[in-house]
Amino acid sequence: MAASGSLGLTVDLALAGLTVGSAAALSGIGLVVCHRATGVLNIAQGAQAMAVAYLLRDLVVVRHWPVWPAVAFCLLLVAPALGVLLDVLVYRPLQRRGAGPADTMVAGLGVFVLLIGAVVLLWGAAPLAGAPSPFGGAPIRLPGGHALRPDTVAQLAAILVLALAVAATTRWTRFGLHLRAVVDDRRLAGLAGVDADRVSAAGWAFGSFTAGLVGIALAPYLLLDPYGLPLLVMETMAVAVAARLRSIPVAVATGLGLGVAQAELTRLRPAGQLLPLVEAVQSNLFVIALLATALLAGPRISGERAGSPAFSGPGAADGGRGAAAAVCLVLLLLPLGFRGNDLRSALLVPALALVLLSIVVVTGYGGQISLGQAGYAGMGALGTALLMSGRVPGLPPLPAAPALLLAVLATAPLGLLTGWPAIRRRGLALALVTFAVGTAMSRFVFQQPYATTGLTLDRPSFLAGDRAFYVAELLLLGLGAAVVRGLHRGRLGRALTAMRDHEAGAVAAGVDVPGLKLLAFVAGAALAALGGGLMGLAGRAFDAASFDPVRGLLWFAAVVVAGADSALGAVLAAALLIGLDAGTVAGVSAVAVGVLAAAIGRLPGGLAALPGRRSAQAPPPLPPGRLTPAGRRVRATIAGRIAREEER
């Protein structure tokens, strides 16, 4: 009887896990198809799913639409239209400019934070009850007394239909032939007469459709949270990464397998101190899978050409830097005349600027895409709080200054968590690893009561006043900026620039590229920890939400928009984020950064490069319809290949 009961529980848990697993499989199908059609990993898929789920809830719950017409409107009209709009306005300018994967990723992050900001502006930041399921009715009874939800059956049917439709389209239609040509080489396919823009638009429409399907599938089971739901869907990228962004069957099998495994893990209930850790693993299996698959996949998913720079576009001109420096100085000194809540809000500007300086070091100077700096900032804040609270074995409670210093020194070596994988990775592969590391820190450390309860985080008596503390922050920011400037000067600075602009060439010139990568990540972790510790002291408490992975994505996009290769850009980005949040309503800063980041195709180099672009003279474009003799020969060759394949 006990064995029979255990088997029945196993089957019931597996059936329950199919609900989450099927949503992850749908997400994987959309990511794989979109990447195969466009060459872009749709990093904004989670935000698209969240926006469609919010719209469905608004139509059904607030405006009282019938469920099925609302679902049809969201999935068949709004979601595909959103995908086509993103292709035309965001990604097509990047493709025509020949932007690298890093700029494309920044544009995707811009779309991600833009949609989150828009949802916060429209529906608020507070979680809302989920949208109703379009599949009502009683559960479907299976042999043995087991039950299967009708919506799970519908999701599994949708997976089967979509997988078969994609396979048939890509193998047996002319559009599939054009799709393969565009995937192999978009430029050459265009020379052969293939309408690459139409193929790309179709890919984005399908990707956005599946994102909406994922949002509608998850909405009935979750509170709609503008920050939590996009992050949850983003974690399912593990499914697409496991499939190497190519194989739909592997993506489906991985999604269903992870969903079932996560449900089965709920049976483990160890006693004692292991219980919180096991529960964290149970609810965050997709995070672990994303980290594991990103590490195992390596450079094979990067899609980045060897030697290509992390970011294209000019830097700021000397005159532009002088003007930016004057603006930064005014922005930093202005709060000294503030009082009350205005001054209290301004305390976060120098602290956040230090965190953003870490992105300048790692990404702007070192050319390594890091989406996990919020994790190191959180470790700095948490380490300071633990040391001040006497929670570190063998150490008494420490004052704020030595606690902050020790927290920074302890966090700096943790930069190797992302620095070591960076030795063999660039672009998309590295971005996924760093995002997974930052998310793991948030889920397994910052959100666990065993690490964050009973903490003391207060300022020393001589810095108890907000104005005195702000002056101390300015001094530390000046010290951090001087360190960053030193990294960018002399022989070390030239080596970093060479590694960023052409890694293979730097290796050939004798530059110790692995050592430089590790140095950049360790220095970045130390700067982020210093800024995070100051953020905690400014608020006199450790707040896990301040170091959420979604905030890390917003910070990264803001730095790139302001100018990733400039320390001044970090200060401007911090002032923009804090100033907009304090002076307006929630969501405005995300919308502003999202719009600018999504427009990176028309704004190469960020805001810091505007003066340089004004003074630069662009070369005259090639007249429309004109090709060089080499171009005409390539077009004839590709056209002949397509004709022969069609004949076969």
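1. Let me start with helix H17, residues 373–388: its 16 residues reach 23 Å from the first C-alpha to the last, close to the 22 Å expected at 1.5 Å a residue. That expected span is 1.5 Å times one less than the number of residues. Helices here are DSSP runs of H or I with at least four residues, strands are runs of E with at least two, and both are numbered from the N terminus.

2. A word on the source: this is a predicted model, in which local features need pLDDT of at least 70 and side-chain atom pairs count only at pLDDT 80 or more, while totals for chains, interfaces and linings use all residues. Residues are numbered from 1 along each chain as its sequence is written, and side-chain values use heavy atoms, with hydrogens and water left out.

3. Back to H17, which is mostly covered, with 14 of its 16 residues buried. Buried stands for under 20% relative accessible area, exposed for over 50%, and partly exposed for what lies in between, using a 1.4 Å probe and protein chains only. Just after H17 comes Gly390, with a positive phi of about 70 degrees.

4. Leu245 is in the loop between helix H10 (237–242) and helix H11 (248–264). Arg540 is in the loop between helix H25 (513–539) and helix H26 (549–563). Is each one buried or partly exposed? Leu245 counts as buried because its relative accessibility is 3%, whereas Arg540, at 37%, counts as partly exposed.

5. Next, please have a look at His178, which sits in helix H6, residues 174–184. His178 has a relative accessible area of 11%, so it is buried. Which residues does His178 contact, leaving aside neighbours within four places in sequence? They are Val194, Arg198 and Val199, where contact means heavy atoms within 4.5 Å. Gly190 is 12 residues away from His178 along the chain, and their C-alpha atoms are separated by 9.8 Å.

6. Finally, Ser442 belongs to helix H20, residues 427–446. With a relative accessible area of 1%, Ser442 is buried. Setting aside residues up to four places away in sequence, Ser442 touches Gln447 and Pro549.
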